[in-house]
Amino acid sequence: MTTALYCVLAAGLMPLLWTGVAKVRGPRYNNWNVRLWQSKLEGAAQRAHAAHLNSFEAFPLFAAAVIVAQMNGAAQGRVDMLALAFISLRLVYGVLYLSNLASLRSLAWMAALACTIMIFVAGH
């Protein structure tokens, strides 16, 4: 297993991190009506939920990029480095989201997207 593939696993699990933060930071979690509970979140808990949703959005392209790069024989060291950078940037993104630092959050988002694009084209 390559480091990049472990990063795919980490990215796939990252939404659980942010929803866990929302559950801890928000009002008492209601498992009986999760969507209603989520709709009532405010502040940091709401932002953690938004980071949770955005993690799901970022995952498919990242996972596909890693697989495409490995199928095309990209330099594994480069793919691993970019995948680790993606994971790091996505963690920074979530922390910035929780901290309500929108401009910096957007920069982290763009940098993570750039990593994904670079992984995708690494095999060319």
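The model is a predicted one, in which local features need pLDDT of at least 70, side-chain atom pairs count only at pLDDT 80 or more, and totals for chains, interfaces and linings use all residues. Residues are numbered from 1 along each chain as its sequence is written, and side-chain values use heavy atoms, with hydrogens and water left out.

The protein has five helices and zero strands, where helices (H or I, at least four residues) and strands (E, at least two) are DSSP runs numbered from the N terminus. Along the sequence this gives the pattern α-α-α-α-α, and the C-alpha atoms fill a box of roughly 50 × 30 × 15 Å along the principal axes. Of the 124 residues, 41% are buried, buried meaning under 20% relative accessible area, exposed over 50% and partly exposed in between, with a 1.4 Å probe and protein chains only. When contacts (heavy atoms within 4.5 Å) between residues at least 6 apart in sequence are considered, 74% of them join residues at least 24 apart.

Helix α1 has 23 residues, which at 1.5 Å a residue should span 33 Å, and this agrees with the 32 Å between its end C-alpha atoms; the expected span is 1.5 Å times one less than the number of residues.

The axes of α1 (residues 3-25) and α3 (residues 43-71) come within 8 Å and cross at roughly 175°, the axes being lines fitted to C-alpha atoms over the stretch in contact, with angles from 0 to 180 degrees between N-to-C directions. That makes α1 roughly antiparallel to α3, since angles over 145 degrees count as roughly antiparallel, under 35 as roughly parallel, 65 to 115 as roughly perpendicular and the rest as oblique.

Within helix α3 lies S55, which is buried, with a relative accessible area of 4%. Leaving aside neighbours within four places in sequence, S55 is in contact with M14, P15, W18 and R90. Elsewhere, in the loop between α4 (76-98) and α5 (102-121), is N100, a residue with a positive phi of about 65° although it is not a glycine.
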